[in-house]
Amino acid sequence: MTEPRVHRDPAFALLSLYEAALPEVYGYLLSRCGDRTLAEELTSETFLGAVRACRKESAPPVSTGWLIGVARHKLADHWRRKEREERGLRLVHEEEYTDPWDERLDALLAREVLASLGAHHQAALTLRYVDGLPVPEVAVHLERTVHATEALLVRARAAFRRAYREKEGRDV
């Protein structure tokens, strides 16, 4: 009877490189973000991501240059995440101060107005405000980018306001 073979974890290749690559990866990230805590977090994410990547069948050869590439992607992901958060905060802030439409809506009239809008506006408004989904989830459901979904929601809210005011008998 033969014993099962134990396969070496391909991520062990990182162990031999870790001590030499760590200062390189950390230095790369720190020089670009200027924040030690963030650079440490991104360095950690880089090595965790590298371990996951090494375990895939189509894993690339492990090198410091490759790890710097992983770090570059982690930093770009961080910047994209930060921009989405800031954009969302700007939109919330703008809505709080530039949206004078604080009136209470008549629920039946609102349903009638919603039904009169185009399907894309109905879908966006329903997912966001009736279902209460955050914009990124609305984007997934509508198969759009977050930015495109935010723009769609702005247009949909404007169309809803116009139609609501017209049905109420007000001037736009």
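**Reading a helical chain**

Colleague: Let's start with one residue. Where does Ala-123 lie?

Modeller: Ala-123 lies in helix α5, which covers residues 119–130. Keep in mind as we go that this is a predicted model.

Colleague: Is Ala-123 buried, exposed or partly exposed?

Modeller: For that you look at relative accessibility: under 20% is buried, over 50% is exposed, and anything in between is partly exposed. Ala-123 has 27%, so it counts as partly exposed.

Colleague: Okay, let me zoom out. How many helices and strands does the chain have?

Modeller: The chain has seven helices and zero strands. Reading from the N terminus, the order is α-α-α-α-α-α-α. Of the 172 residues in the chain, 31% are buried.

Colleague: Can we try a buried residue? Which residues does Thr-46 touch, leaving out those up to four places away in sequence?

Modeller: First place it: Thr-46 sits in helix α2, residues 36–54. Its relative accessibility is 0%, so Thr-46 counts as buried. With residues up to four places away left out, Thr-46 touches Val-25, Leu-29, Leu-67, Val-70, Ala-71 and Lys-74.

Colleague: Back to helices. Why would residues a few places apart point the same way?

Modeller: An α-helix has 3.6 residues a turn, so residues three or four places apart point the same way. Now try that on our helix. In α5, the buried residues are His-121, Ala-124, Leu-125 and Leu-127. They span an arc of only 165 degrees around the axis, which puts them on the same side of α5.

Colleague: Which exposed residues are on the face of α5 turned away from that side?

Modeller: Ala-119 and Val-130 are the exposed residues there. As for the buried residues of α5, their cover includes α4, α6 and α7.

Colleague: Let me test myself on α6. Which of its residues are buried?

Modeller: Val-135, Val-138 and Ala-139 are buried in α6. Looking down the axis of α6, you find its buried residues within an arc of 105 degrees, so they line one face of the helix. On the other side of α6, Val-140 and His-141 are exposed. The buried residues of α6 pack against α5 and α7.

Colleague: How do I describe two helices that meet? At roughly what angle do the axes of α4 and α5 cross?

Modeller: You look at how close the axes come and at the angle between them. The axes of α4 and α5 come within 8 Å and cross at roughly 135 degrees. That makes α4 oblique to α5.

Colleague: And which residues meet there?

Modeller: From α4 you have Leu-114, Ala-115 and Ser-116, and they meet Gln-122, Leu-125 and Thr-126 of α5. The residues of this contact divide into three nonpolar, three polar and no charged.

Colleague: So where do charges come in? How many salt bridges are there?

Modeller: The count comes to one salt bridge. It's between the side chains of Glu-112 and Lys-167, at 3.4 Å from N to O. Glu-112 is in helix α4, residues 107–116, and Lys-167 is in helix α7, residues 146–168, so the pair ties together parts that are 55 residues apart in sequence. Glu-112 is partly exposed, at 45% relative accessible area, and Lys-167 is partly exposed as well, at 41%.

Colleague: One last thing, the backbone angle phi. Where should I look for a positive one?

Modeller: Look just after the helices we discussed. Gly-132, which follows α5, has a positive phi near 75 degrees. Just after α6, Glu-143 takes a positive phi of about 55 degrees, although Glu-143 is not a glycine.

Colleague: Is Glu-143 buried or exposed?

Modeller: Glu-143 is exposed, with a relative accessible area of 75%. You'll find Glu-143 in the loop between α6 and α7.

Notes
Residues are numbered from 1 along each chain as its sequence is written. This is a predicted model: local features need pLDDT of at least 70, side-chain atom pairs count only at pLDDT 80 or more; totals for chains, interfaces and linings use all residues. Side-chain values use heavy atoms; hydrogens and water are left out. Helices (H or I, at least four residues) and strands (E, at least two) are DSSP runs, numbered from the N terminus. Buried means under 20% relative accessible area, exposed over 50%, partly exposed in between (1.4 Å probe, protein chains only). Contact means heavy atoms within 4.5 Å. A salt bridge is a side-chain nitrogen of Lys or Arg within 4 Å of a carboxyl oxygen of Asp or Glu. The arc is that of the directions from the helix axis to the C-beta atoms. Axes are lines fitted to C-alpha atoms, for helices over the stretch in contact, and angles run from 0 to 180 degrees between N-to-C directions. Angles under 35 degrees count as roughly parallel, over 145 as roughly antiparallel, 65 to 115 as roughly perpendicular and the rest as oblique. Ala, Val, Leu, Ile, Met, Phe, Trp, Tyr, Cys and Pro count as nonpolar, Asp, Glu, Lys and Arg as charged, and the others, Gly among them, as polar.
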